[in-house]
Amino acid sequence: MAAPKVAVVGAGVVGLSTAMCIVETYPSCSVTILSDQFSPNTTSDVAAGMLIPHTHPGTPIHVQKQWFKDTFAYLFAISNSAEASEAGIHLVSGWQVFKNTPKEELPFWSDVVLGFRPMSKAELQKFPQHRFGQAFTTLKCDCPPYLLWLEKRLKATGVQMYTRKVADLWDLHSEYNVVVNCAGIGAHQLVGDEKLFPVRGQVLRVHAPWVKNFIRDGDGLTYIYPGIHRVTLGGTRTEGSWSLSPDPGTTKDIFDRCCSLEPSLRGAEDVQVKVGLRPSRQCVRLQRELLSQGGVKLPVVHNYGHGSGGFSMHRGTAKEAARLVGECIAALEGSSSRAKL
Ligand code: FAD
């Protein structure tokens with residue numbers, strides 16, 4: 001069989017990292033990315049990009065932990081390289097604070113991040129409304145720089161990228177041997193997945209260079225995440241809302257909540273407001289499917305539905321998606337050699 005042609009649909013963090021893993025694992029493949037939007041116009045560009053996982057109720061914890069470990073190890077290596085600043089990857093230390101001691105004092109990811117420990121009394125004095133807290137160091141991806149870095153590396157390996165809206169995955173069957181669906185919330189329409197729903201999120205990006213530590217309220221709703229150039233303030237989670245318009249009342253509410261955690265933010269400048277739709281599902285859809293029409297077959301690998309945790313687990317799910325692409329190629333090679341007999 002000639003070099004298998006693989007199309008990846010989607011150019012958010014999941015599509016780009018999946019294309020990267022396919023190229024790394026199967027260098028003989030010809031990989032093309034098709035997407036109706038590229039950075040800076042994807043949901044991934046809106047994300048704060050912090051590596052703090054959310055739990056997917058429909059996926060076993062050990063699987064989620066492995067995805068997080070793979071992602072952490074990959075980004076940690078970048079953060080320790082000369083590529084770190086161009087890739088927008090950096091270590092950040094800080095605090096997750098709780099008004100009451102949480103049921104689960106040791107989250108499943110506590111031994112993956114660095115130096116996870118209960119906060120000391122002296123640290124808790126900074127947060128008079130909170131009674132318990134955890135201190136740790138994790139990683140943050142700044143977007144768009146990370147997406148642009150991935151795009152640049154993919155282009156250097158010969159990956160083609162085209163702006164194209166795919167109406168139906170089957171439309172690609174005459175051009176490609178395998179199709180990988182990384183359409184994020186777009187998969188709702190693309191493959192009619194009714195289990196996929198938007199969770200709208202609004203965040204602010206502000207200039208506050210004195211803020212160096214992250215602060216996250218234990219409920220995950222209010223957070224302050226310093227990036228290399230700007231600080232992300234969040235946030236909101238509105239299930240089922242498809243609106244991409246910023247809401248001024250919400251902007252004020254986010255700002256006030258963040259100032260109650262870090263009063264110095266009252267001096268922040270140049271507030272930018274961003275809105276995105278988290279592609280949410282009970283579990284990430286990471287599986288093979290064989291489309292078939294009139295005896296013609298098209299193997300598809302789905303990799304979407306990362307919800308609030310696309311950055312926290314993108315590399316882990318991309319590795320698994322690449323493995324599934326390998327299975328599709330092996331099956332195609334098996335059927336083409338049987339046909340020759
Ligand atoms: P997307 O980035 O949406 O990419 C999908 C791609 O598919 C796009 O390029 C789109 O144009 C393309 N596409 C869709 N349909 C089609 C079609 N029919 N044809 C062609 N192309 C198509 N996660 C974290 O881990 N940490 C965080 O701190 C964090 N903060 C967040 C804050 C906010 C406010 C929001 C909204 C999300 C946050 N997330 C965070 C979640 C994270 O953003 C998502 O999980 C992640 O971006 C999903 O990536 P994706 O590549 O699947 O989707």
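Visitor: Which atom of V14 lies 3.1 Å from an oxygen atom of the ligand?

Guide: A polar contact is a pair of N or O atoms within 3.5 Å; within protein, one must be able to donate a hydrogen and the other to accept it, and residues adjacent in sequence count only if both atoms are side-chain atoms. Here a backbone N or O atom of V14 lies at 3.1 Å from a ligand oxygen, a polar backbone atom of G307 is 2.7 Å from an oxygen atom of the ligand, and a polar backbone atom of S308 is 2.9 Å from a ligand nitrogen. This is a predicted model, in which local features need pLDDT of at least 70 and side-chain atom pairs count only at pLDDT 80 or more, while totals for chains, interfaces and linings use all residues. Residues are numbered from 1 along each chain as its sequence is written, and side-chain values use heavy atoms, with hydrogens and water left out.

Visitor: Is H229 buried or exposed?

Guide: Buried means under 20% relative accessible area, exposed over 50%, and partly exposed in between (1.4 Å probe, protein chains only). H229 is exposed, because its relative accessible area is 64%. From C-alpha to C-alpha, H229 and V14 are 24 Å apart in space, and they are 215 residues apart in sequence.
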